[in-house]
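Student: I have a new model open and would like to learn how to read it feature by feature. Could you walk me through it?

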Amino acid sequence: MQLKRYLKLQSPPASCVLGVFGLSLYTNERDLEDLFSQFGGTEKIIIIYDKSTQRSRGYAFITMKTTEKAIDARNTLNGSILREREMRVDFSWTERPHPRGSYPPFRRSRSPPSRRSRSPYRTLRHRSPDLYRGDREYLSSTSRDR
């Protein structure tokens, strides 16, 4: 808990990787390439998309060729407007992506599945076993009487 507070107070160390936050859902790689290419070449642009909807989550990571170019881009573009949205540009805390499944907000529960999700036929079978076991004539005679 104290580490999170410390990280909020400190700015990330300067690196080649920039995080761009507050982007429009319609911002694409070409828009970011055009914007950041004026500070030197970009090596990689990654816009983060939602897995289920395939829409942008509003942030991206840009790898610049040198740290000096990344510093210039951050100082100039932080607070600028792109597609009617004010974006925040800052250095990334990590140089590489998180391993799959280890990002803290998306931890899965290890609890067993709830009993509510079972089929109603399964619960019916457990409640009245006489209907499904034993005398088959009982089932056939009731269906003939109808």
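This is a predicted model: local features need pLDDT of at least 70, side-chain atom pairs count only at pLDDT 80 or more; totals for chains, interfaces and linings use all residues.

Student: How many bridges pair β2 and β3, and in which sense do the strands run?

Tutor: Six bridges link β2 to β3, and the sense is antiparallel. The two strands make a hairpin with six residues between them. In its turn, Q54 has a positive phi of about 60 degrees.

Student: What is the strand order of the sheet?

Tutor: The order is β2-β3-β1-β6, in an open sheet of four strands with antiparallel pairing. β2 (42–49) and β6 (88–91) are the edge strands; each has a single partner, so one side of each lacks a neighbour in the sheet. From one strand to the next, the twist averages 20 degrees.

Student: And how many bridges join β1 to β6?

Tutor: Four bridges join β6 to β1 (residues 17–21), and these strands also run antiparallel. For one example, G19 has D90 in β6 as its bridge partner.

Student: Which strands does helix α2 lie across?

Tutor: Helix α2 (residues 29–36) lies across β1, β2, β3 (56–64) and β6, at about 140 degrees to β2. Helix α3 (residues 67–77) lies across β1, β3 and β6, and its angle to β6 is about 150 degrees.

Student: How should I read the two sides of a helix? Which residues of α2 are buried?

Tutor: Look at where the buried positions point around the axis. In α2 the buried residues are D31, L32, L35 and F36. They sit on the same side of α2 because they cover an arc of only 115 degrees around the axis. R30 and D34, on the other side of α2, are exposed. The buried residues pack against β1, β2, β3, α3, β4 (81–82) and β6.

Student: Which residues of α3 are buried, then?

Tutor: In α3 they are A70, A73 and L77. Viewed down the axis, they fall within an arc of 65 degrees, so they line one face of the helix. The face turned away from them carries the exposed residues E68 and N75. The cover over the buried residues of α3 includes β1, α2, β3 and β6. Just after the helix, G79 takes a positive phi of about 90 degrees.

Student: How do I read a nonpolar core? Which members touch the most others?

Tutor: In soluble globular proteins, nonpolar side chains tend to be buried together. Here, the largest nonpolar core has 19 residues, and L18, L32, F36, M64 and M87 touch the most other members. The elements giving two or more residues to this core are β1, α2, β2, β3, α3 and β6. Take M87 as a case: leaving out residues up to four places away in sequence, M87 touches V20, F21, G22, L23, L35, L77, N78, G79, S80 and L82.

Student: What about loops? Is S24 buried or exposed?

Tutor: A loop position has to be checked residue by residue. S24 is in the loop between β1 and α2. Buried means under 20% relative accessible area; S24 has 9%, so S24 is buried. Beyond its neighbours within four places in sequence, S24 is in contact with S56, R83 and R85.

Student: Where is S92 located?

Tutor: S92 lies in the loop between β6 and α4 (120–127). S92 counts as buried because its relative accessibility is 9%. Not counting residues up to four places away, S92 touches P12, S15, V17, L18, G19 and F61.

Student: How far apart in space are T66 and C16?

Tutor: They are 5.7 Å apart, C-alpha to C-alpha, although 50 residues separate them in sequence. T66 is in the loop between β3 and α3 and, at 29% relative accessibility, counts as partly exposed.

Student: Now for the whole chain: how many helices and strands does the protein chain have?

Tutor: There are five helices and six strands, following the pattern α-β-α-β-β-α-β-β-β-α-α along the sequence. Of the 146 residues in the protein chain, 23% are buried. Among contacts between residues at least 6 apart in sequence, 64% join residues at least 24 apart. The protein chain exposes about 12100 Å², with 49% of that supplied by carbon and sulfur atoms.

How values were computed:
Residues are numbered from 1 along each chain as its sequence is written. Side-chain values use heavy atoms; hydrogens and water are left out. Two strands pair if DSSP finds at least two bridges between them. Axes are lines fitted to C-alpha atoms, for helices over the stretch in contact, and angles run from 0 to 180 degrees between N-to-C directions. Contact means heavy atoms within 4.5 Å. A nonpolar core is a set of buried Ala, Val, Leu, Ile, Met, Phe, Trp, Tyr and Cys residues joined through side-chain atoms within 4.5 Å. Buried means under 20% relative accessible area, exposed over 50%, partly exposed in between (1.4 Å probe, protein chains only). The arc is that of the directions from the helix axis to the C-beta atoms. Accessible areas come from the Shrake-Rupley method with a 1.4 Å probe; for residues, only the protein chains shown count as cover.
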